[in-house]
Number of protein chains: 2
Amino acid sequence: MAKKLSETLKFDDKGLIPAVIQDADDGTILMVAYMNKESFELTLKNKKACFYSRSRQKLWLKGESSGNVQKVKEIYVDCDADCVLVKVKQIGDAACHTGFRTCFYRKVESNSLKTKGKPVFDPEKVYKKSK
Amino acid sequence: MAKKLSETLKFDDKGLIPAVIQDADDGTILMVAYMNKESFELTLKNKKACFYSRSRQKLWLKGESSGNVQKVKEIYVDCDADCVLVKVKQIGDAACHTGFRTCFYRKVESNSLKTKGKPVFDPEKVYKKSK
């Protein structure tokens with residue numbers, strides 16, 4: 001069943017579709033990532049946002065390292081079926097690997113980028129990196 | 001000045017970057033489209049959302065046919081600088097060429113797509129198509 005729905009989506013020439021991740025409660029855009037057919041189907045099935053990492057070239061269950069999974073509340077498909085919108089509950093309050101709540105924490109002001117807000121967590125601790 | 005900012009963005013191998021368009025007032029995701037360097041700079045300069053149409057392969061000032069331009073309120077750049085978020089005031093209330101307020105008017109339910117809401121305008125009239 002889930003497979004059938006994914007077949008209506010128009011994946012690009014790399015087999016990917018952009019997914020906009022929005023906080024289901026307050027509408028904040030948390031991040032944009034990419035899904036391939038398999039990660040879209042896993043997202044539908046498990047109700048946790050799963051992507052395809054272009055840099056690591058593999059499936060990426062959001063939160064697999066940090067524990068900050070995204071519980072899927074609703075999924076929408078756009079008019080051209082080449083983009084999806086996923087409304088989620090973000091566990092851990094932050095979606096960005098930098099520790100900010102949203103990946104879009106830099107605002108264009110006077111033709112430069114200004115950081116807005118403060119990180120919710122310390123990435124060094126969450127990802128258990130050693131220096 | 002504007003040019004300098006666009007040079008910090010990571011356009012893909014086709015020279016494009018996805019732009020998420022969000023209603024500045026209520027947070028609705030209206031659409032996702034693509035910008036090249038020129039359309040990003042025009043958006044910054046004119047404060048009206050301008051894209052690059054992949055199908056028509058040319059610059060596309062949103063609203064150039066329908067009059068439904070998107071007045072730019074704020075622009076954010078994500079952590080990887082490969083996606084932008086543009087908060088806008090949507091003139092004419094609808095962003096989608098189908099007449100719906102948002103391009104994301106189809107919701108995944110029971111593994112199929114259900115249309116949500118009703119069109120705000122009649123595309124036949126707005127785009128002056130003849131049958």
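A residue counts as buried if 20 or more other C-beta atoms lie within 10 Å of its own, as exposed if 12 or fewer do, and as partly exposed in between, with C-beta atoms placed from the backbone. The views below show a predicted model, in which local features need pLDDT of at least 70 and side-chain atom pairs count only at pLDDT 80 or more, while totals for chains, interfaces and linings use all residues. Residues are numbered from 1 along each chain as its sequence is written, and chains are lettered from A and ligands numbered from 1 in the order in which they are written.

View 1. Helices (H or I, at least four residues) and strands (E, at least two) are DSSP runs, numbered from the N terminus. As a reminder, an α-helix has 3.6 residues a turn, so residues three or four places apart point the same way.

View 2. Lys47(B) follows α2(B) and sits in the loop between α2 and β3 (50-53) of chain B. Its phi is near 60°, a positive value in a residue other than glycine. For context, most residues other than glycine have a negative phi. Lys47(B) has 14 C-beta neighbours inside 10 Å and so counts as partly exposed.

View 3. Two strands pair if DSSP finds at least two bridges between them; here β7(B) and β8(B) pair in the antiparallel sense over four bridges. Val108(B) stands opposite Leu113(B) of β8(B). Two residues lie between the strands of this hairpin, and Ser110(B) in the turn has a positive phi of about 50°.

View 4. Asn111(A) is found between β7 (106-109) and β8 (112-115) of chain A. Its phi is positive too, near 60°, in a residue other than glycine. Asn111(A) is partly exposed, with 13 other C-beta atoms within 10 Å.

**View 5. Where the chains meet.** In all, 29 residues of chain B are in contact (C-beta atoms, placed from the backbone, within 7 Å) with 29 residues of chain A. The largest share of this side of chain B, four residues, comes from β5(B). By class it has 19 nonpolar residues (Ala, Val, Leu, Ile, Met, Phe, Trp, Tyr, Cys and Pro), five charged ones (Asp, Glu, Lys and Arg) and five polar ones (the others, Gly among them). Across the boundary, β5 (residues 70-77) of chain A runs antiparallel to β7(B), joined by two bridges. The bridge partner of Tyr76(A) is Lys107(B).

**View 6. The axis between the copies.** Chain B can be laid on chain A with an RMSD of 0.0 Å by a turn of 180° and a shift of 0.0 Å along the axis, with copies superposed by least squares on C-alpha atoms of residues with pLDDT of at least 70 in both. That is the relation of a two-fold axis. Of the residues of chain B, Gly27(B) comes closest to the axis, at 2.7 Å (C-alpha).

Methods:
Two residues are in contact if their C-beta atoms, placed from the backbone, lie within 7 Å.
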